[in-house]
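Look at the structure below and follow the chain from its core to its ligand. The paragraphs after it take these regions in turn.

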Amino acid sequence: MNDVDAVKPAEERAKELRHPEKAHKPAHPIPRKPAWIRVRAPTSPGYQETRALMRRQHLHTVCEEAACPNIGECWSRRHATVMILGDTCTRACAFCNVRTGTPKPSDPLEPENLAVAVAEMGLKHVVVTSVDRDDLDDGGAGQFVRCIECIRALAPATTIEVLTPDFLRKEGAIEAVAAARPDVYNHNLETVPRLYPTIRPGARYFHSLRLLDTVKRLDPALFTKSGIMVGLGETRTEVLQVMDDLRSAGVDFLTIGQYLQPTPRHAPIDRFVPPAEFDNYARLARAKGFLMVSASPLTRSSYHADRDFERLRAARLAQDTAAG
Ligand code: SF4
């Protein structure tokens, strides 16, 4: 630790330990959030119960690891996004609060523990995501498949949404997860292609787009979903281009939310996008043909995913009926 580090608040030092690769990056003060982004502190009994269950089953959640602002609301409704394959990511995206470093071997009991938790919570819909596991031969695809199988066995009425990494250079991984037939296959583009080198340096925009296109081609009945954050410096024209790209990959559901900077060493917020601009994006996206759009400052790809899945199914039914 150098002299400057010695006077840093303990909280900031702890956050840097989660992201050792960011310790040398310049610090950008976190701007005060506008009134439309304030959320209530998580205190409800439902929140406490969800937390206790996750601990008991040794499960990680992206809700906690990503410091999601919606945790109070989601957990009080017993809606959580489970993060499999450990709590340590092999990538180092500039926007993400998940711990980075060398992960532990994957836990063979995790799929069953997850299914037990899903059954115990009586979830109608579950979202399963993971850290990036570039260190594994299959990128973790096999664990996704086992999780889907275990949930189907222990909680057959629960619908399953997977939010997967990009499986870059992991041959057969996308196909394996799609073949396990989750109800929704979600993969986030996160930002516009121009910002990939700074915001998502380990990923490739067109690879992520191709992933979504591949899933839809393999199984057109599967719902596909993707999301981006705004407020990172993208332009409106670039956002509209991403919408067109996603539509040409056949993506059904688009989410757009405000980027929030987890620590001073993460990518700085360019601006807070006002709610009216989100409404405008939502209108334009619907006009471009998405079955569903969720766009608001607090939208996250798993926010209200349970309720949205029912709306997604109803939207497809209405579309099919109209088409005769
Ligand atoms: S929006 Fe998603 S990540 Fe955030 S608390 Fe809700 S379920 Fe968790």
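The largest nonpolar core has 82 residues. Such a core is a set of buried Ala, Val, Leu, Ile, Met, Phe, Trp, Tyr and Cys residues joined through C-beta atoms within 7 Å. Buried means that 20 or more other C-beta atoms lie within 10 Å of a residue's own, with C-beta atoms placed from the backbone. V128, I151 and L254 have the most contacts inside this core. Helix α7 (residues 141-154) gives the most to the core, with six residues. Helices are DSSP runs of H or I with at least four residues, strands are runs of E with at least two, and both are numbered from the N terminus.

This is a predicted model: local features need pLDDT of at least 70, side-chain atom pairs count only at pLDDT 80 or more, and totals for chains, interfaces and linings use all residues. Residues are numbered from 1 along each chain as its sequence is written.

Two residues are in contact if their C-beta atoms, placed from the backbone, lie within 7 Å. Apart from its neighbours within four places in sequence, V128 is in contact with V82, I84, F144, C147, I160 and V162.

P165 lies in the loop between β4 (159-163) and α8 (173-179). P165 counts as buried because 27 other C-beta atoms lie within 10 Å. Leaving out neighbours within four places in sequence, P165 is in contact with S130, D132 and G139.

Now turn to the ligand. Among the residues that surround the ligand are C63, H79, R300 and Y303. Helices α4 (62-65) and α5 (71-76) each supply at least two residues of the shell around the ligand.

Terms used. A residue is near a molecule or strand if its C-beta atom, placed from the backbone, lies within 6 Å of it. A residue is buried if 20 or more other C-beta atoms lie within 10 Å of its own, exposed if 12 or fewer, and partly exposed in between; C-beta atoms are placed from the backbone.
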